[in-house]
Amino acid sequence: MAEESLNEPLEEELERLIDDVLDWQYTHGSLLKLPPDTGAVVARPIGVALFPSPFRKALFEQAICLQRLYNKLYIAIARDELWLSLILRNLLDSDSLVATLWTIHERVKADRRQAQPLSMTLFRSDYMMHVPHGTDGQSLPPQLKQVELNTFSLAGAVHSAKASRMHEHFNDIGSHEAHRPPYSYDIFPPSHAPRSIVHALETAHARYGSKAKCPSAQRTAIIMLVQPNNVNVCDERPIEEMLWYGDVPNFRIEFGQAVLDATSLSPSGELLLRRPRKGEEVFFEITVVYYRAGYDAEEYNPAGIAARLQLEKSRAIKCPSIIMQIAGSKKVQQELATPGAVERFLPPQEATRIRETFMRMYPLDEFETGARGRELALDPATARNHVLKPSMEGGAHNIHGSAIPDYLRSIPQSSWSEYILMQKIEPPSDIHNSLISFRGLHSGRVVSELGVYGMCIWDEDEVEEEGLLKVKHMGHDCFSFKSKASGVDEMSVVKGYGHFDSPWLV
């Protein structure tokens, strides 16, 4: 792909473009809010690429087309509690987050209240281009390989869409012409992820019913659960604002004690939110609980557990349900790579399309496949070609390559089953770009990651004639895109390693 790589920009042109990019970020909210103890600086520009990065058009289209199959697969997994309980049984003894979530789920099932049959989930399947090698050592054409599938929180949709709009703007005014020819929009696709997320939330809100069912509630509303000292408000607030513009009331609440202080359950299970208005207390009946918090084990102190239990017991639609959050674990991803697992949920032809995106994965338990995983992870010669991933984590605590053996030896063997071992994706080595973040400027080789969104609502009581669940799929061509410097392990944007980007399809 060397012919699509970035030409080396002149120093003066690059400095001018960086100034323009920073101005655009400040004026469009492409920012990270900083904790209050950082002094006078309260926000800084988020990491971005100065230009779109090349990505194979055929692989981009493959990822977009696969998303409905991945939606279908994970909905089926979340509804198969027997299968989930069997594959997670070892984690229930060693992984505190999985154990806590599963215990809450079991307590909700045992509750006598009428369950909410409607479910909603936002998915994002993350991919990279992988360059395999033939028996002669020669590089073969790039393939699409899945990094992970996320079922919870899904930060980055707004930031990524802003990066695409920024690149579109600088392309339109000619700021990129010194480095690349002008882009046509068939090779520079826009992302509609933020608007599609809002549409999905609006649809779920409408499906619940616009009229409050509880007599003490005046209106209905959505709540967004967030973490305290949130640095990512510029990715969350626009979703709130778009909901308000659509006349859908919605409120932010910090996960944990604040939920218990502000909400209660009616006798029939409606979730009621108390809000002050004109000196009085007004009650909103909550239609949708949209989780942007609740994914760290540290959040589940007694107040966090009680809050999650109350939310899950309510008749509000959960985005997602606790069982779908569990289904998004890396252990599930690893188990799907075993023979026959995907075929349990999908017809053979669809299962084959999904399997084509898998890298080899291994458990680290004490069974036969786990023994092979341990062997690969503890040998420095083979560990260098793998990534060690915690089962319930979004990627910032992965252990890479040669660091794996020493890391495993530093923790109790009883904890090893909390991890999976994944074969390392080998990205193309001839893609170049310029990336800017608070860590500085990188001009050179980059590695990109494409995230494709899926939005679904379904009713457990609605089954089609063939016995299949009737699912409403929403959103198309919804994606995020990030890049990092080649040789950097992490893709964390908050830490300054990852940069929001947009794909230039080639």
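1. In this predicted model, H205 is part of helix α7, which spans residues 193-208. With a relative accessibility of 9%, H205 is classed as buried, because the cut-off for that class is under 20%. Beyond its neighbours within four places in sequence, H205 makes contact with T220, A221, I222, V248, T287 and V288.

2. One of these partners, V248, is also a member of a nonpolar core of 28 residues, which includes I239, M474 and C478 as well. This core lies apart from the largest one.

3. The largest nonpolar core comprises 77 residues, and L73, Y74, I77 and L336 have the most contacts inside it. Helix α2 (residues 57-78) provides the largest share of this core, with twelve residues. In soluble globular proteins, nonpolar side chains tend to be buried together.

4. When residues up to four places away in sequence are not counted, I77 touches W83, L84, A327, V332, L336 and F345. Among these, L336 is itself listed with the residues that have the most contacts inside the largest core.

5. The second largest pocket has a volume of about 660 Å³. Its lining consists of 28 residues, of which H105, A115, Q116, S119 and S321 are the closest to the centre. By class, the lining contains twelve nonpolar, six polar and ten charged residues.

6. Several elements contribute at least two residues each to the lining of the second largest pocket: the helices α5 (96-110), α10 (302-313) and α11 (322-327), together with the strands β5 (118-130), β12 (317-319) and β18 (440-463).

Conventions. Residues are numbered from 1 along each chain as its sequence is written. This is a predicted model: local features need pLDDT of at least 70, side-chain atom pairs count only at pLDDT 80 or more; totals for chains, interfaces and linings use all residues. Side-chain values use heavy atoms; hydrogens and water are left out. Helices (H or I, at least four residues) and strands (E, at least two) are DSSP runs, numbered from the N terminus. Buried means under 20% relative accessible area, exposed over 50%, partly exposed in between (1.4 Å probe, protein chains only). Contact means heavy atoms within 4.5 Å. On a 1 Å grid over the protein atoms alone, a cavity is a set of points where a 1.4 Å probe fits but cannot get out, and a pocket is an open set with protein on both sides within 12 Å along at least five of seven lines; lining residues have an atom within 4 Å of a point. Grid points are joined across faces, edges and corners, and a volume is the space filled by probe spheres set on the points. Ala, Val, Leu, Ile, Met, Phe, Trp, Tyr, Cys and Pro count as nonpolar, Asp, Glu, Lys and Arg as charged, and the others, Gly among them, as polar. A nonpolar core is a set of buried Ala, Val, Leu, Ile, Met, Phe, Trp, Tyr and Cys residues joined through side-chain atoms within 4.5 Å.
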